[in-house]
Amino acid sequence: MTATTVQAAPPGKKEGRGGAWLSLLAWVVGILFVLPVVWMVLTSFHSEANAAQNPPAVFAPLTLEGYREFFSGGASPWPPLLNSLTASVLSTALVLLLAIPAAYALSIKPVKKWSDVLFFFLSTKMLPVVAGLLPLYLFAQNAGLLDNVWLLILFYTSMNLPIAVWMMRSFLSEVPVEMLEAAQMDGANLTKTLRSVIAPVVTPGIAATALICFIFSWNELLFARVLTATVAETAPVFLTSFVTSQGLFLAQLCAAAFVVSLPVLVAGFAAQDKLVQGLSLGSVK
Amino acid sequence: MTSVAEKSSVGTAETPPPGVARRASAWARRAPLLPALIFMIIVTQLPFVATLVISFMDWNAYYPEERGFAGFDNFVRVFTDVNMRDAVWTTILLTAGVVLISLVLGLGIALLLDRKFRGRGAVRTMMIAPFLVVPVAAALIWKHALYNPEYGLFNGALTWIWGIFGSDNPPQPDWISNMPLWAVIFSLVWQWTPFMMLILLAGLQGRPLDVIEAARIDGANNWQIFRSMTLPHLRQYLELGGLLGSIYIVQNFDAVFTITSGGLGTANLPYTIYQIFYQAHDYGRASAAAVVVVIGTIIIATFALRTVSSLFKEEGRR
């Protein structure tokens with residue numbers, strides 16, 4: 001329905017009353033979508049008594065009570081937050097370390113059957129993660145790696161590697177062949193070609209890949225829940241365990257949800273365009 | 001797929017060095033690929049082989065001494081299990097519901113945002129926010145801060161609106177108990193619509209505007225332009241969004257686990273298998289269920305991959 005009317009206004013032209021209504025509609029939709037996030041942030045700054053009011057106490061006085069309670073009330077959230085940070089950053093680094101050379105071998109100097117290899121990577125993303133959960137758990141149990149953040153790092157690397165290979169391949173294919181040939185003519189060696197020809201073109205792509213891998217690792221729950229306990233627990237696991245035992249907890253819960261989401265919100269807002277590139281595996285530029 | 005591969009290999013074999021040298025150069029080409037490939041095979045394929053072996057075993061962690069070969073018993077139990085059949089349905093409904101609704105909403109919103117208006121950037125930023133909330137956090141917020149029948153925002157808003165009209169008896173539905181599956185679907189639609197919107201918006205902005213202008217001059221109306229030009233152009237973006245969305249939503253665990261704990265008919269396959277493994281500790285049956293899911297996924301994925309590979313060929317032809 002909206003589609004037909006939207007087309008009434010070719011972009012960039014002065015619009016009549018219909019255009020104004022559509023702009024209003026866009027604003028209303030935007031506000032509706034952001035409302036739960038705004039509500040989460042607002043509630044996190046309310047007192048527990050005000051947070052649990054019906055009708056909602058929108059203009060209740062603001063307080064840091066919820067945050068104070070979250071950070072120093074019960075179990076400290078710092079170890080889980082640090083675990084999440086370690087797992088996300090290290091697995092992202094490992095992913096890039098493995099994915100960039102692989103993508104190079106799939107685009108700039110492609111191996112035979114490179115597209116089959118590429119699809120092998122993608123197909124592992126379609127394999128349900130639960131199918132590998134049990135053997136990894138048993139392996140971890142026997143190897144004494146349960147509740148160890150390194151196990152998560154390895155698993156997150158395998159989770160993000162296919163995405164990263166697809167993305168990096170897509171970015172590397174943008175390096176103009178003429179530039180590579182010219183560099184070769186000039187007698188540039190591999191390191192020089194990488195540094196002066198390839199790196200400038202793909203650096204934004206590497207940033208996009210890193211952003212996506214970081215977000216997906218930070219968000220992961222299922223494996224972290226099964227494979228960790230008290231020591232290597234990540235922030236999402238901490239969130240789930242933290243709800244059950246509290247009485248009046250809404251403000252505290254909102255504070256916790258906001259704190260845990262904050263790194264992703266900041267990184268995502270700062271790099272909106274990279275987000276699109278990344279989520280579409282590099283096929284939308 | 002093969003045609004692309006052949007094309008590329010023709011381009012690279014300009015000077016065919018004979019024998020040993022050629023083999024060495026082929027390995028030099030492969031070398032950068034191998035670490036990633038070997039890593040993926042070890043971490044994703046080996047566990048699956050193990051799952052396959054365990055699926056034929058009688059193995060419950062509660063009864064460790066009874067471990068042994070079980071033949072097809074686990075598979076028979078999986079296929080005759082009502083819970084598993086329900087889980088298959090739930091998974092299909094959940095995935096199809098979330099993907100279709102968020103694609104349609106995403107398309108509408110992308111069309112709204114493809115126009116120039118005051119605050120377009122701000123609206124786009126607001127739209128992205130749901131996707132950037134950590135999934136568990138989002139599920140918790142929906143469950144406790146929005147759906148909660150006593151102090152959730154939805155019922156709070158109802159009280160407020162009813163209060164405006166002087167009624168002190170507003171409806172206060174228990175959203176999650178009344179419509180558990182929809183409660184999960186809505187929270188996921190909220191998270192995934194921005195994703196679809198972003199991909200479709202990028203597609204819209206890559207549209208050849210001069211052709212559309214020409215069609216307009218030729219007297220095509222908006223609906224005709226949308227049907228015969230915009231939609232075909234968006235097709236591959238719709239397919240991409242649908243495929244990537246399905247890959248992630250089919251595996252959804254966070255929302256089901258958090259909002260309903262798999263109760264009230266919302267247990268999808270990942271949650272059900274998690275339960276058999278994590279709560280019942282029936283390793284054999286969990287593995288058999290996983291194997292069945294993987295086989296199902298392979299069948300569906302073959303079709304899905306064909307779609308991607310056709311998109312991919314178009315890209316290669318460029």
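Trainee: How many residues of chain B are in contact with chain A?
Mentor: In this predicted model, 91 residues of chain B are in contact with 92 residues of chain A. Two residues are in contact if their C-beta atoms, placed from the backbone, lie within 7 Å.

Trainee: And how do the residues on that side of chain B divide into nonpolar, polar and charged?
Mentor: The side of chain B that touches chain A has 63 nonpolar, 19 polar and nine charged residues. Ala, Val, Leu, Ile, Met, Phe, Trp, Tyr, Cys and Pro count as nonpolar, Asp, Glu, Lys and Arg as charged, and the others, Gly among them, as polar.

Trainee: Which residues have the most contacts inside the largest nonpolar core?
Mentor: They are A:A99, A:L152 and A:A257, in a core of 171 residues. Helix α8 (residues 149-172) of chain A gives the largest share of this core, 17 residues. The core also draws at least three residues from each of domain 1 (16-44) and domain 2 (56-317) of chain B. Such a core is a set of buried Ala, Val, Leu, Ile, Met, Phe, Trp, Tyr and Cys residues joined through C-beta atoms within 7 Å; a residue is buried if 20 or more other C-beta atoms lie within 10 Å of its own.

Trainee: What does A:A99 touch?
Mentor: Leaving out residues up to four places away in sequence, A:A99 touches A:L161, A:A164, A:V165, A:M168 and B:A36.

Trainee: Back to those two domains of chain B: how far apart do their C-alpha centres lie?
Mentor: The C-alpha centres of domain 1 and domain 2 of chain B lie 38 Å apart. The bounds come from an automatic or database domain assignment.

Trainee: What does UniProt list for residues 88-304 of chain B?
Mentor: An unreviewed UniProt entry lists "domain: ABC transmembrane type-1" there. That span is 76% helix and 0% strand, and its end C-alpha atoms lie 18 Å apart. Helices (H or I, at least four residues) and strands (E, at least two) are DSSP runs, numbered from the N terminus.

Trainee: What are the ipTM and pTM?
Mentor: The model scores ipTM 0.85 and pTM 0.84.

Note on methods: Residues are numbered from 1 along each chain as its sequence is written. Chains are lettered from A and ligands numbered from 1 in the order in which they are written. This is a predicted model: local features need pLDDT of at least 70, side-chain atom pairs count only at pLDDT 80 or more; totals for chains, interfaces and linings use all residues. UniProt positions are given in the numbering used here, feature names are shortened, and annotations may be inferred rather than shown by experiment. A residue is buried if 20 or more other C-beta atoms lie within 10 Å of its own, exposed if 12 or fewer, and partly exposed in between; C-beta atoms are placed from the backbone.
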